[in-house]
Amino acid sequence: MRIYDIYIYSLALFLTLTTVILAAFGESRLDVYFTAYLIETLVLTELYIHLNPRARRGLSVVSVILFAGFIGIITLAIPRILG
Amino acid sequence: MRFSDNRHNLLGVGLASGGGFIAVVSYFVLNSTPLAALGVSMIIMGGVCLALGRTRPKIPPELSAILLQSGLENTAALVEELGLRSKAIYLPSSLTSGHPQALIPLRSNPETVQIREALPKRLIANYGPGPEDIGILVTTPGSASLGMLGSKPGPGAGELETAITSLAVGMLDVADGARAKIVEGRVIIEVMGPRLDSNNIWLYQCLGSPLASIVASLACEALDRPLVIEREAHEQARCVIELRVLD
């Protein structure tokens, strides 16, 4: 499916560019990288509105897992912020 | 199709496992956050590839092409044997037995065909009171593909364009994009980057090419009006399909 390939190439490009740019700025916190990846994945998935419903359901599962990871990061960060 | 035959699955497993290894080694051994982040991004890519791999069609494309060709050849033989020369009239599901179909009338002039009520589920259908008001009712590639959309598209040009793009680009992968406009009883649809063959055979003169058939079925269902394929022009990297809405 051509649209799948274009989606994968776009996501790979965005994630790689994000990694390079944040590394160039000397970012050393892994949670910042992860948050950027999460936002990019969610935005790109929403932009590809013509993906078939089964593909969108599969990608929703991926988004939920990433969001659960984000919630875990927030949960670990709260004691550090309050403490 | 087995799990290992799907290239997206293989790519997903490779990226996820490689990314996991890189992330763990980079974070705990090399103490390099950018490399660990790269590993995490590979895991995300692996998950995406696995999610998309599960949605690939189970029927191989070669088998789908064989089924399409055999179906079209059977319909072509039927039309040729009956000596039908008129253009097919695409009917919405409200005028057929539940899904859009194409009526090929015995009359040469489709303008005179007036269908006011739903036709019975028969191959040979009487659509009017006269003895010559007979035609054959066939299921086209467009009829079969309409079930893939979750809901009936609306009658506006924008909604029709979105439905055609979703079907042709997102689900069937037969084009790169589509544009639609409705002007004075005509629907003009431009399909960019079509990938279906449009051989100039008699059946395509009657029913339209498979791509035109899909577009016509979608348009007649969206407008809830019968229509005919007036013109189909294949130019460089695009196909322009002009449909005429019948009264």
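Burial and salt bridges

Biologist: Why is B:Asp173 called buried?

Modeller: B:Asp173 has a relative accessible area of 19%. Buried means under 20%, exposed over 50% and partly exposed in between, with a 1.4 Å probe and protein chains only, so B:Asp173 counts as buried. This is a predicted model: local features need pLDDT of at least 70, side-chain atom pairs count only at pLDDT 80 or more, and totals for chains, interfaces and linings use all residues. Residues are numbered from 1 along each chain as its sequence is written, chains are lettered from A and ligands numbered from 1 in the order written, and side-chain values use heavy atoms, without hydrogens and water.

Biologist: What makes B:Arg195 and B:Asp173 a salt bridge?

Modeller: Their closest N and O atoms are 2.8 Å apart. The rule asks for a side-chain nitrogen of Lys or Arg within 4 Å of a carboxyl oxygen of Asp or Glu, so the pair of B:Arg195 and B:Asp173 is a salt bridge. B:Arg195 is partly exposed, at 27%.

Biologist: How do you know that the salt bridge of A:Asp5 and B:Arg7 joins two chains?

Modeller: The closest N and O atoms of A:Asp5 and B:Arg7 are 3.2 Å apart. A:Asp5 lies in helix 1 (residues 2-24) of chain A and B:Arg7 in helix 1 (residues 7-29) of chain B, so the pair joins two chains. Helices are DSSP runs of H or I with at least four residues, numbered from the N terminus.

Biologist: Why is A:Asp5 counted as buried?

Modeller: Its relative accessibility is 18%, whereas B:Arg7, at 46%, counts as partly exposed.
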